[in-house]
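The stops below are meant to be selected one after another.

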Amino acid sequence: MRISIILYFLFLAFTPALSQNNFSEEIRFAKYLQKNNAYRDAIYVLNSLQANNNLFNDSQNDTINFLLGETYYYLKSLDTSSSYLLHVNHESPYYLPSQFYSAFNYIYLRKSDTAVSMLSNIKTESHLNELKQLNLSANSLLQRDYESFKKYSADFTFTYYGLSSEQKRMNEYCNQLQH
C-alpha cells in the first residue's frame, strides 16, 4: 500500500497538470501561431487542449472551440470551422463572433438559407446590427434578390467608419447589377 501511494505521488509530480496558467499559455501560443499563419500548428496545440476538455470549464472549452473554428475558417475548411463555432455557448463572449463566422461560412458554402436564418437570429446592438444587415444584404445581392437587399440595406446608417465604405459599395453594386 505504501508503495502505491509513493508511486501515485511520483506520478503526480512528473505529470504536467493543465492549470489555469498552462491553459492561458497554450491559448496565447495558439493565438501566436494563428497570427503568424502557422494554422496547422495552432490546430495541433488546440486539439491537444481539447483532448483534455474534461479538465476545463465551459468558458475554456468555448475558447478552444472558437479558436479552432476561427483557424479552420482561415484555412477555408468552412464546414469544419462551423462545426466548432456552433459549439460555442450562447453565454460566451465568443458567441457573437462565432455566429458571424458561421454565417460567413454558410454564405461561402452557398447555403444562403442557413446563413440568413443564423444572421436573422443574432440579437445585436449598434454597429453589430449594421454588420448583420451588411451581411444579410450582401447575401441578398449574391442571390440577386434586390427586394431583400433593399429591406436589409434600409438599416444602413453609414456612421461606422469600418462599415460605411462597404455599405456604400453594396449600394453601388446593387445599382450596377440592376442596370
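Predicted model: local features only at pLDDT ≥ 70, side-chain atom pairs only at ≥ 80, totals over all residues.

Residues are numbered from 1 along each chain as its sequence is written, and side-chain values use heavy atoms, with hydrogens and water left out.

Begin by selecting α3 (39-50) and α4 (residues 58-74); helices here are DSSP runs of H or I with at least four residues, numbered from the N terminus. The axes of α3 and α4 come within 10 Å and cross at roughly 155°, where axes are lines fitted to C-alpha atoms, for helices over the stretch in contact, and angles run from 0 to 180 degrees between N-to-C directions. The two helices, α3 and α4, are therefore roughly antiparallel, a term for angles over 145 degrees.

Next, show the side chains between them: Tyr39, Arg40, Ala42, Ile43, Leu46, Asn47, Leu49 and Gln50 of α3 meet Ile64, Asn65, Leu67, Leu68, Thr71, Tyr72 and Tyr74 of α4, contact being heavy atoms within 4.5 Å. By class, this contact of α3 with α4 has ten nonpolar, four polar and one charged residues (Ala, Val, Leu, Ile, Met, Phe, Trp, Tyr, Cys and Pro count as nonpolar, Asp, Glu, Lys and Arg as charged, and the others, Gly among them, as polar).

Stay on α4 and select Asn65, which is found in that helix. Asn65 counts as buried because its relative accessibility is 10% (buried means under 20% relative accessible area, exposed over 50%, and partly exposed in between, with a 1.4 Å probe and protein chains only). Leaving aside neighbours within four places in sequence, Asn65 is in contact with Gln50, Tyr84, Leu85, His87 and Val88.

Move on to α6 (residues 95-108), whose buried residues include Phe100, Tyr101, Tyr106 and Ile107. After α6 comes Arg110, with a positive phi near 60°.

Which other residues have a positive phi near 60° without being glycine? Select Asn37, with a phi of about 60°, in the loop between α2 (20-35) and α3; Asn37 counts as exposed, at 53% relative accessibility. Then select Arg144, with a phi near 60°, in the loop between α8 (126-142) and α9 (146-153); Arg144 counts as partly exposed, at 47%. Most residues other than glycine have a negative phi.

Terms used
Parallel < 35°, antiparallel > 145°, perpendicular 65-115°, else oblique. Expected span 1.5 Å × (residues − 1).
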